[in-house]
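Hi everyone, thanks for making time this morning. Let me put the structure up on the screen, and then we can walk through it together.

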Amino acid sequence: MAKTVKEYGNDSITQLKGPDQVRLRPAVIFGSDGLDGCEHSIFEIISNSIDEAREGYGKKIIVTKFSDGAIEVQDFGRGAPVDFNNKEQQYNYILLYETLYAGSKYNTNSGGDYEYSIGLNGLGLASTQFASEYMDVEIKRDGYKYTLHFEKGRNVGGLHKEEYSGKDTGTKTKWKPDLDVFTDIDVSSEYFIDTLKRQAVVNSGLLFIFREQQGNRFIEKEICYKNGITDYIEEIVGEEALSTIQTWNTERKGRDRDDKPEYKVKINAALCFSNRKQLKEYYHNSSWLEHGGAPEKAVRNAFTYQLDAYIKQQNKYSKNESKITFQDVEECLALVVSSFSTLTSYENQTKKSITNKFIQEAMTDFFKHQLEIYFIENKAEADKIVDQVLINKRSRERSEKERINIKKTLQTSGSDMANRVQKFVDCRSKDTSEREVFIVEGDSALGSCKLARDAQFQAIMPVRGKILNCLKSEYDKIFKSEIITDLIKVLGCGVEVKSKANKDLSTFNLDNLRWNKIIICTDADVDGFHIRTLILTMIYRLMPTLISEGKVFIAETPLYEINTKEKPYFAYDEQEKAEILKMIEGQKYTIQRSKGLGENQPDMMNLTTMNPDTRRLIRVLPEDAEQTAIMFDMLLGDDLQGRKEYIAENGYLYIDDVDVS
């Protein structure tokens, strides 16, 4: 078939115009065409109201979430100017709501209407309007009430203007994000509450009212921090403080480069040291800097430098001890930085990071200076803080050293595993999708299983003696156990230690697992059950993902062997035994309790335990994991009283019937 030739010529170039600039490419403005982008479009409207309030116009903002997905934001500021603009010879509502790169926040550094503004680019309002199914606007200012209606990014009916005698002013915007633009518009209440809380924190005294429609009524929540970031730190840390709360403020002027304009920066910080609560949040012009940028770099530099200097000055380092890092500091630091500037370089329109060189330099210098004064004036607190930082550092270094040692202990390549792990019997196949490893009790079981297995894909790992109870043992003791480290080497995937204090020990990688099935095969008696439970406990504590991924199995071994002239039968429980005896009624038979694995003949072992066509395997299911953990902890953990009560109530269920006649 001939290939169609497409001409790429002068008429191939097209330009998006009007609403299509956003509706067809929302991610360019909002960072995403998904829920994140929809949430950012909402913040664009809220931020305009916040900018008004910060300039001193309006003391509250009402945000309403309707049950159909619509949103309304009402402020009590000056009201957006929407009438005719003589300078631009255009209506302002067209500039604000229907034009990209039009607004009143381009001259923040030269005495404009907004000194410190979240909005900078003249994009947010028009972009959100373009991305809406509809938008209704009501504005009160200059003795008039103005109303506008938009559908799918286009104005319907023009600007309506009527006289208004009320004294209140402000802007009320109701709109519904468009599913034709965003893939998801189901914004959670938690997003609104979290966003308004963050804004209340950095806009002290500003009252936010969040209203949520539930049926025919609206549920209201008020959010306000009278003292802003200081109140927020106190709320977070509470009674868990190592030091008093510090609130620091300054104003600086400077340039990002010698030939760039000078601008003003306000820096506000509230902080407290705590060995239980950690927090680091950065805001600029009240926009949450989720990715930090300049303020985060300044904090890392200043805090590490000044704490290190104090430790040296007080001779608190041990001989030849390495310096602290910011990781050691942040583990006991609760800090909020809220800065404002008349010129701002955001990383992009989503405003999650700033890059101003002067802001970083000013903050670094300011924090170094403030910390130096604080430590001089509060020596008792300073000593307590650096002692905790040094504890964090030494704990981190011990954990890192232990992690490296454990990794060395556990790492064994597949080629030398058989030589390095005592009595492990590997299989021939290198195909992980078919390889199986049987974990069995002792040397006798190893012998019979070795003869009964299919050497192509079945390997045998004997467990010598009783394994450690991994619920009651500390990690250092666990990883000194040769039985456990040998098992981990054979499995090949490493360990995942689900403990905050030992998070650095994790070296788990499921892709490195050498087996498709891990089969625990023990005798059908009390000792066998105990060994099986201890192996499962080890897996559950050190590598629970193997259970959640369905890689762990238990091989059922028969309780009874019933022999007739024709063939043997195997019963795995009392009910099966009764059913078999009923089935062979009239035949001569012998019945005996099944022997241990080590006493079984290879053909029997193959038939009952190892042959995939005839064996019975029980997969250890993920949904059983939580209940298993509870039972393990009660039977094998430190809850002695719980164990006594359980045995008293249920012990009789596990005692064989005794004939006392």
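Let's start at Ala-241, which is partly exposed, with a relative accessible area of 39%. As for the wording, buried means under 20% relative accessible area, exposed means over 50%, and partly exposed is in between, using a 1.4 Å probe and protein chains only. What you see is a predicted model, where local features need pLDDT of at least 70, side-chain atom pairs count only at pLDDT 80 or more, and totals for chains, interfaces and linings use all residues. Residues are numbered from 1 along each chain as its sequence is written, and side-chain values use heavy atoms, with hydrogens and water left out.

Where does Ala-241 lie? You will find Ala-241 in the loop between α7 (229–237) and β12 (246–254). Those labels are DSSP runs numbered from the N terminus: helices are H or I with at least four residues, strands are E with at least two. Setting aside neighbours within four places in sequence, Ala-241 is in contact with Cys-272, Phe-273 and Ser-274, where contact means heavy atoms within 4.5 Å. Leu-333 is 92 residues from Ala-241 in sequence, yet their C-alpha atoms are 9.7 Å apart in space.

Two other loop residues are worth a look. Asp-142, in the loop between β5 (132–141) and β6 (144–151), has a phi near 55°, a positive value in a residue other than glycine. Ser-286 has a positive phi too, near 70°, and is found in the loop between β14 (279–284) and β15 (287–288). Buried or exposed, what are these two? Asp-142 is exposed, at 56% relative accessible area, while Ser-286 is buried, at 0%.

Now for the rings. Rings of Phe, Tyr and Trp (its six-membered ring) pair if their centres lie within 6.5 Å; planes under 30 degrees apart count as stacked, over 60 as edge-to-face and the rest as tilted. By this rule there are 17 aromatic pairs. Take Phe-192 and Phe-210: their ring centres are 5.4 Å apart and their planes are at 15°, so this pair is stacked. Phe-192 belongs to helix α6 (residues 189–202) and Phe-210 to strand β10 (residues 207–214), so the pair ties together parts 18 residues apart in sequence. Phe-192 is buried, with a relative accessible area of 1%, and Phe-210 is buried at 3%. Elsewhere, one aromatic cluster is formed by Trp-248, Phe-303, Tyr-310, Phe-366, Phe-367, Tyr-374 and Phe-375.

On to helix packing. Helix α13 (residues 442–452) packs against helix α19 (residues 602–610) at an angle of about 80°, with axes 8 Å apart. That makes the two roughly perpendicular, a label for 65 to 115 degrees; under 35 counts as roughly parallel, over 145 as roughly antiparallel and the rest as oblique. The axes are lines fitted to C-alpha atoms, for helices over the stretch in contact, and angles run from 0 to 180 degrees between N-to-C directions. Where they meet, Ser-448, Cys-449, Leu-451 and Ala-452 of α13 face Pro-602, Met-605, Asn-606 and Met-610 of α19.

Finally, the overall picture. The protein has 21 helices and 24 strands, and of its 661 residues, 48% count as buried. Among contacts with a separation of 6 or more, 68% come from residues 24 or more positions apart.
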